[in-house]
Every structure is written in C-alpha cells, then in structure tokens.
Amino acid sequence: MWKYFLRRVLQMIPVVLGTTLLIYALVFALPGDPVVAMFGDKPVNEAIAQQIRAEYHLDQPFIVQYLYFLKNALTLDFGNTLRGGRPVIDVIASAFPVTIKLGLMAFCFEAIFGVIFGIISGLKKGKWYDSVILIVSLLLISVPTFVVGFLMQYFLGVKWEILPVTAGANPGFIDLLMPAMVLGSVSMAYIIRLTRREVSSNRTLDYVRTARAKGLSNRNVIVHHILRNSLIPVVTYLGADLGALMGGAMISERIFNINGIGNTLYKAILQGESNLVVSIVTVLVLIFVICNLVVDMIYAVLDPRIRYA
C-alpha cells in the first residue's frame, strides 16, 4: 500500500506542474499591460513602470517568469499583488477560510441528501417517489446555478424570510446555509442519479440473493452488501467534487456577496492580477489532487476486493 501511495504522490507532481504551466501561459497571453492598468486614467510614468516590471519579473521571458513563480511557490512565497503590494499568501489566507467553510457545508449537503435520496430511489425503483426524485434531480441539473440561486434568494430570503439573502463580511453557519445549498445542488442531483443506478443494479446481483438466502435481515443486506459496493463510484465523484467545490464557488460567492476565494479570483482576473490568479489556481489544483489521493486510499475500506499492488 505504501508503494502505491508513493507512486500516486509522484504522479501528482507532473499534474501540478502541467496545470500551473497551462494557467500561467493563459494568463501570460491575456491582452493588455497590467502595469499600465495600475495607473488608471493617470499618465504612465515609464521610470516607475520599468521599476515595477523589474520587481515582478514582468520584463523577463515567459519561461523565466514561470520558473521564478515555481521557485517562490515551493516556499509558499507567491510574491505581492500589483495593486497595493499586499503579499499574495495573505490575500489567500484571508479569503480561503470562508470558502473552505462554504465548500464543506455544500459537500455535506450534497453527500447526505444525495446518497439518502439516491438510496430511496434505487431501492424503490418504479414507485411514484422515485419518479419525483428523478424529475427534481433533472431540473437541478438542467437549470443554471445562478438561476437556482436567485430563486432561492427570492423565496427563502425575500418572500418567506427563512434565511439571509446575502452572507455579508463575516458569515456564520446560517448565513452560508443558502449559498451552500445552491453550490451543492447540481452535484447532489448527480449523486442522486449515480447512487440510484448503482443501488438498483447491485440489489439484483447474485451475492445479494445469496445473502438473503442465508437469512440475513433486509437492513444487513442493504448496509453491508448493497451500499458497500454501490458507494464506490459515489465516493470517487465526491472526492473529485470536493476540490471542484472550492474553485466552483465563484458564482455562489458573487450571488451572495461572499468574500471567499472564488470572489477574490474573479476580482483578480478583472484587475489583471496575474500572479494572484495563478497562485489561487495552484492552491486549488493541490486541493483537487490531494482529495483524489485520499479517495484512492479509502477504496479498500469500502471494498475488500480492492488491493494495492
């Protein structure tokens, strides 16, 4: 198992390098000069502009800039922002806790309700509530996230006054509950349909019929035989989605005015903060690959047939 773990860690290195290189190349190819944009409507002082370019290595070729970024990233020194000169690591550290809280709440929401409704739908396939669950999940997949967000704001926040409409500067659990539901709604729909498919197919297999023939209770058959094998693809999806929730929170954070990493990334793109954009994406990529590594490690816990060679 440790050899497999080490091999997976080594496989993460080219993934991170390739992703950061691609993002850096895309940011580098954006039109416009971020240094000139810093002056706004004021005349550009060429002496100061050249000094800023030299300080941030913007006068160097693309590959040299990227190597400087990698060198500093190894020590978590992502440099400073172009506007204000604030350390990038401080910007990320101030924005990430809110996004982590929002992402974990959305993850718990989609995992709990997605699996529960998926199990109900899979075990009672063909019943009326199976049809209702499938219709609702299809609607959540079809309707854009911002539309779901605006509808929930109107009904839960404005009309019925159940939850706050916006999160504010220092959001608590209640403030983030509606954004978490919006953020996790699409993934919950996919989990419902994935769990339903796996449960409905596994409950007709030979090992399930054998377990029932041995006299095991219906609860033991469902928990220890059907669910244990049905949840493997669900765990795979959840592991990948946990990292995606962090980066995909941009829309939810913009709708509910949350000062998280998604909102910070959106503003950095608009302001031409290339270093901040690449740094945030690098952190998100690391979270994504680590989540996938954890998922691979817990496969054997769910299915004893899986062995690490």
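Start by selecting Arg196 and Asp130: the two form a salt bridge, with their closest N and O atoms 2.8 Å apart. A salt bridge here is a side-chain nitrogen of Lys or Arg within 4 Å of a carboxyl oxygen of Asp or Glu. Arg196 sits in helix 8 (residues 173-202) and Asp130 in helix 6 (residues 128-142), so the pair ties together parts that are 66 residues apart in sequence. Helices are DSSP runs (H or I, at least four residues), numbered from the N terminus.

Before you move on, a word about the model. It is predicted, so local features need pLDDT of at least 70 and side-chain atom pairs count only at pLDDT 80 or more, while totals for chains, interfaces and linings use all residues. Residues are numbered from 1 along each chain as its sequence is written, and side-chain values use heavy atoms, leaving out hydrogens and water.

Are Arg196 and Asp130 buried or exposed? Arg196 is buried at 15% relative accessible area, and Asp130 is buried at 3%. Buried means under 20% relative accessible area, exposed over 50%, and partly exposed in between (1.4 Å probe, protein chains only).

The structure holds two salt bridges. For the other stop, select Arg197 and Glu198, whose side chains meet in a salt bridge at 3.2 Å, N to O. Glu198 is buried too, at 16% relative accessibility.

Select Tyr154 in helix 7 (residues 145-159); Tyr154 is partly exposed, with a relative accessible area of 44%.

Technical notes: Helices (H or I, at least four residues) and strands (E, at least two) are DSSP runs, numbered from the N terminus.
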